[in-house]
Structure formats: structure tokens, C-alpha cells
Amino acid sequence: MVDYSIQVNEISKRYRIGLEQQVPSTFVEAISGWITRPIKNYRRLRRLTQFDNDQTSEQENIIWALRDISFNVKPGEVVGVIGKNGAGKSTLLKVLSRITHPTSGQVELLGRVSSLLEVGTGFHPELTGRENIYLNGTILGMTKAEIELKFEEIVDFSGVKKFIDTPVKFYSSGMRVRLAFSVAAHLEPEILLIDEVLSVGDAAFQKKSLGKMEEVSKAGRTVLFVSHNMGAVRSLCSRGLLLENGILVKDGEVDQVINDYLSNKDVSTAGRLSWSEADAPQDTDLILLGIEIYSEKKEMRTSFQIDEGFEIHVHYEIKDEIKNLRLYLRLKTTMGETVFATYEDATIREGFNRKPGAYTAICKIPPNLLNNLTYRIYIGFDSPGYKVLIPGREYLEVDIIDTSDGYRYSKEAFDGPIRPVVNWEVRNQ
Amino acid sequence: MENNTIKSKRELPRIIINDGNGIKRLINLQELWQYRDLFWFLVKRDIKTRYAQSVMGVGWAIIQPVFSMIVFTVVFGNIAKINSEGVPYAIFSYTALVPWTYFSSSLTDSSRSLISSKNLITKVYFPRLVIPIAPVLAKLIDFGISFLILIGMMVWFGIMPTIWAAFIPIFVLIMMLAAAGVGMWLTALSIQYRDIQYGSSFFIQLFMYISPVIYPASNVPEKFQLVYAMNPMVGVIEGFRAVLLGTQSMPWFYIWIGSASALVLFISGALYFRRMERYFADVA
């Protein structure tokens with residue numbers, strides 16, 4: 001018998017919409033609940049003997065975040081968990097990391113588990129970097145002795161050595177993230193659960209982190225990796241799990257699962273995507289209202305000539321002042337690789353507070369930049385180094401068309417994700 | 001490296017997660033022991049950040065009971081002329097304020113602890129019990145400091161403690177159990193019913209009047225004595241006065257009943273907390 005690292009046996013997790021799981025939230029509600037409970041119980045019991053299918057009313061306010069999920073992971077396997085927002089990926093990790101209990105089913109884990117659901121959890125601004133390393137490390141499950149052993153390494157990796165005895169509140173947000181990640185990256189559990197951790201920090205640091213992840217996954221540790229970054233999933237994981245509405249729909253070789261996901265994904269090919277306030281991607285203070293694609297002549301469409309530019313209009317609403325709001329946009333290939341990333345300009349300054357109101361950000365993609373491929377527009381909002389507001393996601397697709405059919409003589413296609421017009425100068429010497 | 005992996009493989013812990021029903025996992029002492037370092041760092045954090053960026057610093061630990069003593073001495077000692085069992089009212093009330101301030105402030109922190117660590121419990125797993133218990137330990141520092149002032153006052157007033165002062169650690173233990181017990185109840189309730197959060201400071205304030213802080217317990221009518229003694233702080237405060245000021249003989253009646261009820265509060269609090277624990281991340 002194989003000794004699995006993770007054995008997940010038919011777990012389900014049910015939430016009540018609005019008031020999750022536990023219904024009354026004030027005494028008044030609870031007391032009125034107690035008063036009316038006998039009546040409700042009576043009705044429910046009476047229904048047991050009535051053979052109508054009137055169970056819908058019971059089911060209405062219940063959401064199954066996970067439904068009968070079963071899978072096993074062998075020691076050393078690196079598994080990517082993919083799926084749309086709300087598919088249950090994070091709930092799955094929360095159950096595995098024992099933050100929340102499953103409604104039914106059982107999980108067996110062999111070895112110590114650490115989860116990186118959000119780096120820097122438990123950092124206290126008044127404590128020094130050194131003290132926070134110890135506090136954060138023990139919160140993540142290390143012992144004091146283990147931290148002492150790795151202390152130098154953690155500090156070196158973070159690059160904040162000079163400020164290690166300074167309270168963390170005087171750190172820049174970037175330094176804070178680096179220190180936090182450094183602690184997390186030096187955990188040595190047998191099972192590591194990672195959720196979107198790569199979305200923090202600047203590009204250089206992300207690259208460094210990704211390298212560290214790779215190292216960790218090659219060190220024979222069992223890893224469950226939740227991400228929207230298909231490139232990272234593809235390069236780190238050998239196996240993929242695809243979740244859809246809380247159900248495990250595909251479990252297999254990573255490339256296949258990713259392809260399945262991307263081909264079924266509801267990336268809109270229309271030039272417009274908009275939501276009602278309730279369905280829109282949102283955080284407490286921010287709503288993404290809609291995205292539109294226009295040509296330079298303000299026609300709404302999604303295919304463009306290679307020598308045509310286009311505009312991406314992002315409509316969002318800020319409900320309450322947000323510090324350092326940053327809208328980021330990535331253009332990705334259908335394989336999930338980022339072609340380039342760009343940021344809404346006005347918000348890059350640190351400490352800049354965005355006032356409430358409705359906004360439209362227009363990103364102008366110049367002509368003669370992209371190749372004749374299909375690109376996906378990936379949009380997210382964050383406060384750099386602090387918090388992800390609306391996690392990045394691919395929303396719309398644009399097709400770039402080259403009617404000239406490639407290189408003008410041999411008709412061969414141009415390689416590469418971009419195809420800028422480059423000036424050549426040829427001199428005969 | 002290779003050896004390490006093989007070696008550690010043999011002692012890999014097996015963790016089983018299920019719907020959380022079942023009594024046998026209610027109190028997992030082994031796990032609490034594994035997380036003892038976290039516990040100490042949380043206590044240390046509470047101590048270190050307590051008076052961060054303040055001018056008075058740890059002086060605040062003294063200001064609160066000392067100023068209460070001054071006000072009480074003027075109002076209840078001089079104006080209302082409450083019986084202080086033959087010792088100056090100032091030291092009579094301060095002897096009570098030292099344990100009382102500890103109890104009320106650790107209970108306040110403990111009952112708020114879950115809500116203020118909301119972002120921890122929704123992101124990381126660790127035994128939740130450390131959250132309400134850490135402040136109860138951290139407050140011992142403040143208690144120690146205000147106790148030193150008490151010793152200074154005893155010297156000033158020329159009061160010798162009795163031999164029974166050796167019992168003080170036991171009184172401290174009783175008030176810690178009581179504070180942790182009530183704290184666990186309140187914090188577990190408050191994460192679901194926010195009413196508790198809003199009401200607890202008021203409730204703790206009222207609690208002082210059913211504890212013998214400004215008056216001696218002997219002022220309470222005979223027929224209420226049994227119910228009154230169920231407040232664990234009655235035994236603790238009267239005990240402090242008896243052993244330090246020698247105002248009376250050891251109040252065994254209050255101490256026995258008080259420690260029994262502290263123990264009941266602590267055990268029931270821990271059980272209730274553990275039972276509700278699996279909902280914390282969902283309702284926080």
C-alpha cells in the first residue's frame with residue numbers, strides 16, 4: 001500500500017449565504033430563533049412524512065463550496081489546483097490547512113502542514129524585524145529552535161539585514177513583504193499549501209520567490225499550489241486538479257488539465273463584459289463594473305489588424321478611500337504566459353489615496369506591437385505589498401489579425417509573443 | 001540530507017481532519033505543548049506592544065490602580081466613610097485594586113482576543129486556545145509592578161504581612177483561572193454574537209461592585225453570602241487583605257467556594273471554546 005501524503009475522502013463544505021453556517025448573529029435573533037424554533041422543527045418533522053419534493057426551500061440559502069472531493073497525493077508530488085474564482089480552490093486549502101472544518105468527509109495528512117494563505121500573517125508593526133521573524137515563524141508552525149537555526153538564512157534572503165532590529169512599522173511595504181515571504185519560504189514542512197502567494201511583491205521579488213518555490217518543490221516536499229498563473233502552475237506542477245463549482249472535474253497530467261480549463265473557460269470574446277453590482281468582482285471598497293475593448297475609432301470589437309491599436313476601458317467604482325490602489329493589466333497568451341504587464345499610471349506613487357467615485361481607466365495598446373495571435377486580458381487590483389483587492393483574472397480575449405499572412409515572401413509565421421515594428425538600417429561598408 | 005529525510009519519515013505526525021464532532025479530541029494537550037513557543041511569543045508580543053510609543057511606558061500599569069485608589073479613598077473612604085476594617089482606606093482599597101485591576105484588564109483583553117486576531121484565525125492553523133490565554137499571562141507583568149507599589153505602601157503605613165502571605169501564589173492562580181475561564185466564554189461567544197463585544201467592558205465594570213473592592217465582604221448580608229462567594233474574586237480579594245493586612249483570619253469560606261467556581265469556569269470555558277472553535281473561521 002502506498003503511504004499517501006494527503007488523502008482526501010469525500011469532503012464537502014457547506015456555507016450559508018450571508019450568515020455562514022451559524023445563523024443568529026445577535027442575541028435578539030437568537031432568542032427569536034429559540035421562540036420560533038419549535039415551530040420550525042415541527043414543520044420539518046412533519047415534512048418527513050409528506051412525500052412531496054418540497055426541499056428546495058431548505059436548499060436555497062445554502063452553498064456547497066466543496067462537494068464530495070476525493071483525491072490522494074503521493075509524497076513529493078507537486079499538484080496545481082486551478083479553477084475559476086469561487087470554484088472552491090481556496091476553501092479546499094482552508095480545509096486542508098485546518099482553518100475551517102469540512103461539513104462532512106475526512107482528510108488524512110501525513111507530516112507537518114504549512115500553508116501560505118497570506119504571507120506576513122501576524123506581523124506586528126511595533127515589533128522589530130527580528131521579533132516578527134520569531135512570532136511569524138511560530139505562528140506558521142516552527143519551533144523557536146528551528147527558527148534560531150535558520151535565522152541567518154532568513155535574514156539574508158529577505159535582504160533587510162540592516163533593519164532587523166528596527167520596528168517593522170518603519171519598513172517600506174516592499175521590505176515587509178520580503179521579510180514575511182522569507183520566513184514562509186524557510187518553513188520545512190512535509191506538506192506545503194500555497195495560495196496565490198506569488199501575487200505579492202515586485203517583479204524581481206516574484207521571480208526570486210518563484211525560484212524558491214521551485215527549489216522547495218524539487219526538495220521532495222508535497223506541494224498543493226493554488227494559482228491563476230497558468231505559467232507558474234505549468235512550470236512547477238506535474239499534476240493538476242480542476243475545480244468547478246466545488247466539484248473536482250478533472251484530475252490528471254498538468255498540461256492536459258490546463259488546456260481543458262483554458263478551452264472551457266468563459267473568457268469573453270465579446271468586446272464588453274459588465275456585471276450587476278451583486279455579481280461583479282469586488283472587494284469591500286472596490287467594484288469592477290465592466291471592461292470594454294474599442295478600436296482607435298471607438299468601435300467596440302475584439303479583432304484588430306496588426307497595424308491597428310486598441311483601447312481597453314476598465315470601469316470601476318471606489319466606495320471608500322483606498323490607499324495605494326493599483327490597477328494592473330497583463331496581456332497573456334492563450335497558454336497563460338504573460339506578454340507584458342502594465343499599471344494604471346496615476347496610482348503608482350506610494351501613499352496616494354484614491355478618492356471614492358466611479359472611474360474609467362483607459363489602457364492604449366499601440367499598433368505594430370503584438371503578433372497575430374489571440375491574447376487574453378488579465379486584470380486585477382491590489383495595494384502593492386499590502387493586499388490583493390480583486391485577484392487578477394483573465395476576462396476578455398482579443399485577436400490580432402495579420403492579413404498579410406506572415407512574412408511577405410515565404411509566408412512563414414513570425415515567432416514569439418510580440419511582433420514590434422523594428423527599424424533596421426543596413427549599411428554597405 | 002538523505003539521512004534526514006529517511007529519519008524524519010519514521011516520525012511523521014498523522015493528522016486527521018473530519019467534521020470535528022467527537023469528544024475525545026476536545027482538549028489536545030499534546031498539540032498545545034507542540035505550540036508552546038508560539039504561546040510564549042504571543043505573551044511576549046502582548047507585553048512588548050502593550051505600552052509601545054507611550055511616554056509613561058510601563059508607568060501605566062501603576063497609574064490605573066493608584067488613581068483609582070486616590071479617587072476611592074476620597075469618595076468612599078472620606079465622604080461615604082465605608083468601613084475599612086481598621087486599616088487606612090487607601091491601603092484597604094489598593095490591596096483590592098491590585099488583583100482587581102489584573103482581573104479586569106486581563107479579562108477585557110482575553111474577551112476581545114479572538115476578534116482582534118481575526119486575521120490570524122482566518123489564515124493560519126494553530127491551537128486557538130492560546131489566543132484567549134496569552135493575555136492572561138501577559139498581564140501578570142502589570143500585576144507584578146502594581147504589587148511592588150503595594151509593598152511600598154505597606155512599608156509606608158508600617159503594616160506587616162502575616163505568615164499566610166505564602167498563599168499569594170494560590171490566589172494569583174485562582175484569579176488567572178477565573179480570568180481565563182470567563183475570557184474563553186466571552187471571546188467564543190463574542191465571535192458569534194457581537195453583543196458580547198459591545199457589552200463586556202460595561203459588564204466588567206459592574207462586576208467590580210459585586211466584588212469587595214470598595215467595601216469589605218463582611219458588609220454583605222448573611223443570606224447573600226453563599227451566592228456572593230461564588231464570585232471567585234471575592235475569595236481572592238479578601239484573601240489578599242487577610243494575608244497582607246491581617247484585617248481578618250483566612251477567609252476559607254470565600255477561598256474554597258471561589259476556587260471551585262474558578263475551576264468550573266475555566267473547565268467549562270475551555271470546553272465551550274473548543275466546541276465552538278470549528279466555526280470561528282467561518283463566522284469571524
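**Figure 1. Pairing of β16(A) with β20(A) in the predicted model.** In this predicted model, Thr333(A) stands opposite Tyr375(A) of β20(A). The two residues belong to the antiparallel pairing of β16(A) with strand β20 of chain A (residues 374-383), which runs over eight bridges.

**Figure 2. The hairpin of β16(A) and β17(A).** Strand β16 of chain A (residues 326-333) pairs with strand β17 of chain A (residues 338-343) in the antiparallel sense, over five bridges. Leu329(A) lies opposite Thr342(A) of β17(A). Four residues separate the strands of this hairpin, and Gly336(A) adopts a positive phi near 90°.

**Figure 3. The five-stranded sheet of chain A.** The strands of this open sheet follow the order β13-β21-β20-β16-β17, and their pairing is mixed. The edges are formed by β13 (303-305) and β17 of chain A; each has a single partner strand, so one side of each lacks a neighbour in the sheet. From one strand to the next, the twist averages 30°.

**Figure 4. The contact region between chains A and B.** Contacts link 33 residues of chain B with 41 residues of chain A. On the side of chain B that touches chain A, at least two residues each come from β1 (14-17), α3 (36-50), α6 (118-121), α10 (194-209) and α13 (252-283) of chain B. The largest share of that side, six residues, is supplied by α3(B). Sorted by class, the side of chain B that touches chain A comprises 16 nonpolar, seven polar and ten charged residues. For the complex, the predictor gives an ipTM of 0.80 and a pTM of 0.71.

**Figure 5. Strand pairing across the two chains.** Strand β4 of chain A (residues 104-110) and β1(B) pair in the antiparallel sense over four bridges. Leu110(A) stands opposite Arg14(B) in β1(B). Leu110(A) is also included in a separate core of 44 residues, described with the next view.

**Figure 6. Nonpolar cores.** The largest nonpolar core has 95 residues, and those with the most contacts inside it are Val130(B), Met175(B), Ala178(B) and Ala179(B). Helix α9 of chain B (residues 168-192) gives the most to this core, contributing 15 residues. Apart from neighbours within four places in sequence, Val130(B) is in contact with Tyr35(B), Leu38(B), Phe39(B) and Leu42(B). A second, separate core of 44 residues includes Ile6(A), Val79(A), Leu110(A) and Leu241(A). In soluble globular proteins, nonpolar side chains tend to be buried together.

**Figure 7. Ile151(B) in helix α8(B).** Ile151(B) is found in helix α8 of chain B (residues 140-157). This residue counts as exposed because 11 C-beta neighbours lie inside 10 Å, and the limit for that class is 12 or fewer. Pro161(B) is ten residues from Ile151(B) in sequence, and their C-alpha atoms are 9.5 Å apart in space.

**Figure 8. Confidence along chain B.** Chain B has a mean pLDDT of 88, with 93% of its residues at 70 or more. Where pLDDT is low, the predicted coordinates should not be read in detail.

Methods. Residues are numbered from 1 along each chain as its sequence is written. Chains are lettered from A and ligands numbered from 1 in the order in which they are written. This is a predicted model: local features need pLDDT of at least 70, side-chain atom pairs count only at pLDDT 80 or more; totals for chains, interfaces and linings use all residues. Two strands pair if DSSP finds at least two bridges between them. Two residues are in contact if their C-beta atoms, placed from the backbone, lie within 7 Å. Ala, Val, Leu, Ile, Met, Phe, Trp, Tyr, Cys and Pro count as nonpolar, Asp, Glu, Lys and Arg as charged, and the others, Gly among them, as polar. A nonpolar core is a set of buried Ala, Val, Leu, Ile, Met, Phe, Trp, Tyr and Cys residues joined through C-beta atoms within 7 Å. A residue is buried if 20 or more other C-beta atoms lie within 10 Å of its own, exposed if 12 or fewer, and partly exposed in between; C-beta atoms are placed from the backbone. Axes are lines fitted to C-alpha atoms, for helices over the stretch in contact, and angles run from 0 to 180 degrees between N-to-C directions. pLDDT is the predictor's confidence in each residue, from 0 to 100.
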